[in-house]
Amino acid sequence: MDDVLIIIVYNIVKPNYMRVALLGIVHESNTFVIDPTTLKKIEESRLFFDHDIILNYRNSFHELGGMIEVLEMNEIEIVPILYAEATPGGKVTKDAFHFLLHEAMTRVKQQLPFDGILVVPHGAAVCEACDDMDGYWLSQLRAIIGPQIPIIGTLDPHANVSQLMIQSTDALVAYKTNPHIDQRTVGMEAATIMVDFLLGNIKPIQSFSSLPLVIGIEQQYSEKDPYKYLLQLSAEICKMEGILSASIILGFPYADVYEMGASLIVISDGDKEIGQLAIGIFEDYIFSNKNLFIGVKHDISSIIPKMSSIEKPILLLDMGDNVGGGAPGNSIFLLDKLDEAGIHNIFICIFDPDCVNSLMGVEIGSSVEIIFGINPETFYLSTRRVTLLWKGNGKFDELKPRHGGQIHFDMGNIAIVKTVNQDIVMLTSLRIAPYSLEQLLAFNIDPTSFHVIIAKGVNAPIAAYAEICNNIFQVNTPGVTQADMTKFIYKKRRKPLFPFEND
Ligand SMILES: [Zn+2]
């Protein structure tokens, strides 16, 4: 009651006094992964309440950092509610989603009244009980705060956007770059739309088109066509009178949900027609050039012959074990193939908590035989004699703009071992996507000293590794994020969808 009184008094003193809430629930759910994403995994990753959200993200390259900057610049009171994010993986459990939903909605009710809410959904979250987890929590939020309070937010372009997400929000803006190094800028863009709307300067209208198309994962790199060209087109469209924002949603193919695939979101100012016109410009280009979006897959057998004569270190991106797409991060497929070809001096990071545990009692410098990882083609585990170089806590920080926009990383306990072939294997007890060179540097590993670095991703690791690797190969490998999406069995996806249906 006192709080309400203070707000009313402050409103009288300062007419533009405003409060804007922040709420984010982020997960990219791979429905082909059996192991679900539990509350424990979210807690091990990122779960913040109230002011801790501001403390953790104000200086980050995450969209929350951009939102906080714009709100503070405009002297708007920030009402941080909850931010939850887990490493991409299997579907979110019913219990975990129930907990997040209950916490978020209870805290939202307690914090009302506020003037607007900035939201951070990923756009590709799937719960065991609900395929459209983001649409569900956004619609619950809308039901609680009513139709008058604006809900504006960001999306990861790897979203499978639903009508419910669009209906429940006033404006959604997706990151443009992939790797996502523009998250802070996009957070600022969303927050600026919020502030302008609250000040009565604009009236955002959202236009949406669900495209009958899936874009190949290797065609989603923003430094190369066809995605690079789409971004140029988007920049041109944003110069049109009345357009506030234009987002290309690449889609997330590793989810068997109805909405799987690409889409477009355009935010126009008070004029639905101009928004629809912009959508039409995108659609015309995409439909006339649909074959550009399929991509070409390269197997390791076609890359190995090139490797002896090119500059080192060479970055091999393990597409089938893409941790950022929900894969386990424990594949030794490429390590085995390079071994067979006699290529050594490799760096690889493997998620294997059992192996880490087994090394915790071993003295540094000891030679031991260990079993780690799995080859998803042969299902063999790797047995190798190694020397233990280091063991301990795997926390590190990244201060540069990198995919995901996070500062603090935690790999749990880790062990670093050297094989007889001079390969370095970093074994972790928490899954980690390779988004930061600090993952090596903070543990005194010189990334430039290797012949080959294997990173478990497709586009996202490039932001970190392009600094030191001039030769980068996206390798078509087996696993739950294999590049050829036609190998997955989808039961729920919409039809027709190119390239599955070529019509
Ligand atoms: Zn993404």
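## Close-up views of a predicted model

Figure 1. Phenylalanine 282 counts as buried because 21 C-beta neighbours lie inside 10 Å, and the cut-off for a buried residue is 20 or more. The model shown here and in the other views is predicted. Phenylalanine 282 belongs to helix H10, which covers residues 272-288. Which residues does phenylalanine 282 contact, leaving aside its neighbours within four places in sequence? They are Leu233 and Leu264. Phenylalanine 282 and leucine 315 are 33 residues apart in sequence, and their C-alpha atoms are 33 Å apart in space.

**Figure 2. The whole chain, for orientation.** The chain holds 15 helices and 17 strands. Its radius of gyration is 23 Å, close to the 23 Å given by the globule rule for 503 residues, so the chain is as compact as a globular protein of that length. The C-alpha trace spans about 75 × 55 × 40 Å along its principal axes. Of the 503 residues, 52% are buried. Contacts also reach along the sequence. Among those between residues at least 6 apart, 76% join residues at least 24 apart.

Figure 3. The domain assignment gives domain 1 as residues 2-293 and domain 2 as residues 300-483. Taken over C-alpha atoms, the centres of domain 1 and domain 2 are separated by 32 Å. How many residues does each domain bring to the contact? Domain 1 gives 25 residues and domain 2 gives 24 residues. On the side of domain 1 that touches domain 2, there are 9 nonpolar, 11 polar and 5 charged residues.

Figure 4. Look next at one pair of strands. S7 and S9 (residues 263-269) pair in the antiparallel sense over 7 bridges. Glutamine 206 has isoleucine 267 in S9 as its bridge partner.

**Figure 5. A sheet of 8 strands with mixed pairing.** The order in this open sheet is S12-S13-S14-S15-S11-S16-S10-S17, and the pairing is mixed. Which strands stand at the edges? They are S12 (367-372) and S17. Each has a single partner strand, so one side of each is left without a neighbour in the sheet. On average, neighbouring strands of this sheet are turned by 30° against each other, direction ignored. Strands S14 (residues 408-419) and S15 (residues 424-428) run antiparallel and are joined by 5 bridges. Lysine 418 stands opposite isoleucine 424 in S15.

**Figure 6. Helix H12 and what covers it.** H12 runs over residues 333-340. Its buried residues are Phe333, Leu334, Leu335, Lys337 and Leu338. What covers these residues? The cover includes helix H11 (300-303) and strands S10 (314-318), S11 (346-351), S13 (382-397), S16 (452-455) and S17 (471-475). After H12 comes glycine 342, with a positive phi near 75°. Asparagine 345 lies in the loop between H12 and S11. Its phi is also positive, near 60°, in a residue other than glycine. Asparagine 345 is partly exposed, with 16 other C-beta atoms within 10 Å.

**Figure 7. Two cis peptide bonds in loops.** Where is proline 226 found? Its place is in the loop between S7 and helix H9 (227-238). The peptide bond from aspartate 225 to proline 226 is cis, with omega near 10°. Proline 313 sits in the loop between H11 and S10.

**Figure 8. Glutamate 75 in its loop.** Glutamate 75 is in the loop between helix H4 (63-73) and strand S3 (77-85). Is glutamate 75 buried or exposed? Glutamate 75 is exposed, with 10 other C-beta atoms within 10 Å. Its phi is positive, about 55°, although glutamate 75 is not a glycine.

Definitions and conventions
Residues are numbered from 1 along each chain as its sequence is written. This is a predicted model: local features need pLDDT of at least 70, side-chain atom pairs count only at pLDDT 80 or more; totals for chains, interfaces and linings use all residues. A residue is buried if 20 or more other C-beta atoms lie within 10 Å of its own, exposed if 12 or fewer, and partly exposed in between; C-beta atoms are placed from the backbone. Helices (H or I, at least four residues) and strands (E, at least two) are DSSP runs, numbered from the N terminus. Two residues are in contact if their C-beta atoms, placed from the backbone, lie within 7 Å. Two strands pair if DSSP finds at least two bridges between them. Axes are lines fitted to C-alpha atoms, for helices over the stretch in contact, and angles run from 0 to 180 degrees between N-to-C directions. Domain bounds come from an automatic or database domain assignment. Ala, Val, Leu, Ile, Met, Phe, Trp, Tyr, Cys and Pro count as nonpolar, Asp, Glu, Lys and Arg as charged, and the others, Gly among them, as polar. The radius of gyration is taken over C-alpha atoms; the globule rule is 2.2 Å times the number of residues to the power 0.38.
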